[in-house]
Amino acid sequence: MTKSIKTLFRLLQNFGVEYGISLFINFKLNRLDNLRLPNINSSISLRKGTSDSDAFYQVFVLNEYKIDFIERPKVIIDGGANIGLFTVLMKNKFPEAKVISVEPDKDNFAMLQKNVANYNNVYCENLGLWNRKTKLKIYDKFEMGKWAMVVEESEAEGNIEAISIDELVCKYAINTIDILKLDIETSEKILFLDNYEGWLPKVKMIIIELHDCLEEDCSKPFFVAINKTFSKYTYSISGENTVIINNDLV
């Protein structure tokens with residue numbers, strides 16, 4: 001079976017004949033600016049010749065986030081929001097939730113804003129998640145494209161601001177983070193290294209992509225922080241994501 005036939009089959013399987021064929025034709029003709037999906041209230045835009053199509057495929061075709069979410073989440077943080085596909089998924093699944101989407105890359109951020117423009121109660125931050133306030137530089141460190149932009153601390157070369165989750169909690173007056181999704185391209189190694197004691201106990205559910213394949217021991221601070229903070233939790237894997245349920249709160 002050729003790759004095109006496999007793709008068509010998956011699209012038909014996920015979206016039905018009308019939407020599946022329409023998506024297949026649009027991708028073949030590189031018409032990516034107004035993609036419609038069933039059960040998604042607003043169209044989705046992707047950039048040509050980037051990793052956007054791969055990100056779309058992961059989220060909406062492979063269903064990487066087909067997870068048993070906690071019931072009726074009120075606050076969701078989308079860390080490493082990229083072009084906003086997880087945010088879109090969450091707003092259609094949980095329309096009443098407040099979603100805070102954090103994305104450091106300015107080009108990705110512009111697409112994020114475009115994709116979430118028709119949804120209420122979504123707040124976009126063009127910042128990098130870190131364990132403290134500092135300056136960050138952003139670049140394609142591993143030459144993997146726009147879905148793998150890396151931030152590193154640099155007072156000299158930093159061109160974006162960092163924000164900690166503590167700061168987000170204060171800014172948005174958050175008492176509980178119902179869902180914390182993190183796909184922050186090795187920054188989890190710093191985010192969970194320290195200064196997590198104030199915000200981590202407030203998190204009910206974490207969905208995180210760990211990047212030990214890119215940087216050695218990337219996941220170690222995460223698991224140390226989880227085991228220090230949660231007395232009881234549930235652990236599972238969904239696609240590339242590690243899922244933690246904080247049973248102290250749920």
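How are H1 and H2 oriented to each other, roughly parallel or roughly antiparallel? The points below begin with the basis of the values and then take up this question.

1. The model is predicted, so that local features need pLDDT of at least 70 and side-chain atom pairs count only at pLDDT 80 or more, while totals for chains, interfaces and linings use all residues. Residues are numbered from 1 along each chain as its sequence is written, and side-chain values use heavy atoms, with hydrogens and water left out.

2. The axes of helix H1 (residues 3–28) and H2 come within 13 Å and cross at roughly 150°, the axes being lines fitted to C-alpha atoms, for helices over the stretch in contact, with angles from 0 to 180 degrees between N-to-C directions. H1 and H2 are therefore roughly antiparallel to each other, a term for angles over 145 degrees, whereas those under 35 count as roughly parallel. Helices (H or I, at least four residues) and strands (E, at least two) are DSSP runs, numbered from the N terminus.

3. On the H1 side, Thr7, Arg10, Leu11, Asn14, Phe15, Leu23 and Phe27 meet Ser53, Phe56, Tyr57, Phe60 and Val61 of H2, contact meaning heavy atoms within 4.5 Å. By class, the contact of H1 with H2 has 8 nonpolar, 3 polar and 1 charged residues; here Ala, Val, Leu, Ile, Met, Phe, Trp, Tyr, Cys and Pro count as nonpolar, Asp, Glu, Lys and Arg as charged, and the others, Gly among them, as polar.

4. H2 also packs with H3, at an angle of about 25° and with the axes 10 Å apart, and H2 and H3 are therefore roughly parallel to each other. Ala55, Phe56, Val59 and Phe60 of H2 and Leu85, Val88 and Leu89 of H3 make the contact, which by class has 7 nonpolar, no polar and no charged residues.

5. The lining divides into 19 nonpolar, 8 polar and 8 charged residues, and its largest share, 3 residues, comes from H2.

6. Lys98, in strand E2 (residues 98–102), lies 74 residues from Tyr172 in sequence but 9.8 Å from Tyr172 in space, C-alpha to C-alpha.

Terms used:
Parallel < 35°, antiparallel > 145°, perpendicular 65-115°, else oblique.
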